Amino acid sequence: MKQLRLPETKDKYQQDGKSNSSKKRFPNFPKFTRQHLIYTSIGLTTCVLVVLAFRPTPVVVDTKPVEQGTLQVTVNAEGKTRIKEDFIISATVNGRLDRIKLDEGDSVKQGNVVATIDPLPLNTAVKEALGKLAEAKAQRQGVATLRPKSEKLDQIRSRISAAKANQLQAEARVAQAQAALAQARRDTQRAQELAAKGAIPRQDKERAELNQTTREKELESAVLAVSSAAKEVEASQAELQVLQREQRDPDYLLKVYDAQIASIEAQLSKLQDDASRTKVYSPIDGRVLRVLQKSSNFVSEGTPLIKVGNPKDLELVIDVLSRDALNIKPGDTILIEQGNNSIDNSAKNSLKAKVRLIEPSAFTKVSALGVEEQRVNVIGDFVDSASYFGDAYRVDVQIVVWEGQNVLKVPLSSIFRCDGNWCVFILKDGKAHRKTVKIGNRSNYEVEIQKGLNKNDIVILYPSEQIEAGTAIKPR
């Protein structure tokens, strides 16, 4: 067997000039070779790895303490701004529109001329209608001259009155002649009787007969006078009827001309009104939102030209699902996102508005996924200044349908279902402990805890299947 050469080590120390104290400090200490050190290191490393392998590794999780504060239940939706009263100014008449010099954003005042339509064709039409009206009135006046004069009618009526008076006088003379003839006949009869008895001379008899003959002739003359007077009345009345017919003959022509005059006057009135509306005015004080017809061209009446409104008088139009609209009521707060800043639940950096109206009628809208949805427009009024927005700006909003103060709450990502209940994991003494909780209202990010947790309890967010009751936990 080969022996160790310890003396050589001693001699080496002596040769190197080492002190005696060094020899006494490491008496008989064995020499470790490089191989011995390597084996020793491997063994220690193996022991450490074995210990670490069998030691339980904590699960790294996100945590958050239970807080007490404000909780808002909201309906999230998209909307747009809208000017409450915008006006689309249209062409008032047919004609050639002059080039509009206004641009979007220009200010306008009520009564300012915003567009002009060439008035020359309308003014020419007005003059032409005035000429036609004068012609029709002149023709009507010419027809009126064809009527018999009123003096002639009065004269013939006077003749009729005189003829009737003559007829009455003749009739009176007839009656008088008849009475005289009757008396003459009685006198003749008495004279004949007395002459036959010889009481009177023959001459008296003949005188009585002559008187009777005279009275008969007078009666005949009176009757002829009555007939002549009646003929005169009839002739005068016939002449009057002729004149009256001549008076009525131009009536139909007068009616025709009256109708033409009325038509021309109506047309003239419209033309004059159109000519007065060739200048288009702004109905309000505001700004030009859009110029719909910029260049000069022919436009028809009713063609939209300019859209004007007051950009400071804005409202919100938010379309929400009809089932969400059931929870919204007038007066609810609306939180509006500003630019790229997200709306937080505290709403400290959000613009505010109020719900004014939930429209009574819903409409169908196809979603981005192609699903038909029934949606309702919610109209809101700004509470804060809306100078940040303009007309038809898209906005992301949250409508607060419930708000609670001093509410015990946890992140929504911390709760999960277990055995038909709601549960959370809390971190205590480095381990996970499962707690059954009773929840209340919830927002998109937080949920109200009514029972099961205390303030400042540490809850585990996003609990995975690795976490069970008693699992070692390490906060991230």
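Strands are DSSP runs of E at least two residues long, numbered from the N terminus, and two of them pair if DSSP finds at least two bridges between them. This is a predicted model, in which local features need pLDDT of at least 70, side-chain atom pairs count only at pLDDT 80 or more, and totals for chains, interfaces and linings use all residues. Residues are numbered from 1 along each chain as its sequence is written, and side-chain values use heavy atoms, without hydrogens and water.

Start with the hairpin of S14 and S15. Five residues separate the strands, and Gly370 has a positive phi near 85°. S14 (residues 363-366) and S15 (residues 372-382) run antiparallel, joined over 4 bridges. Val366 faces Glu372 across the pair.

Asp381 meets Lys84 at 3.4 Å, N to O. Asp381 lies in S15 and Lys84 in the loop between S2 and S3, so the contact ties together parts 297 residues apart in sequence. Asp381 is buried, whereas Lys84 is partly exposed. Buried means under 20% relative accessible area, exposed over 50%, and partly exposed in between, with a 1.4 Å probe and protein chains only. The two residues also belong to a salt-bridge network with Arg82, Asp313, Glu315 and Arg356.

Now turn to the open sheet. Its 4 strands are ordered S3-S10-S8-S5, with antiparallel pairing. S3 and S5 are at the edges with a single partner strand each, so one side of each lacks a neighbour in the sheet.

Methods
Salt bridge = Lys/Arg side-chain N within 4 Å of Asp/Glu carboxyl O.
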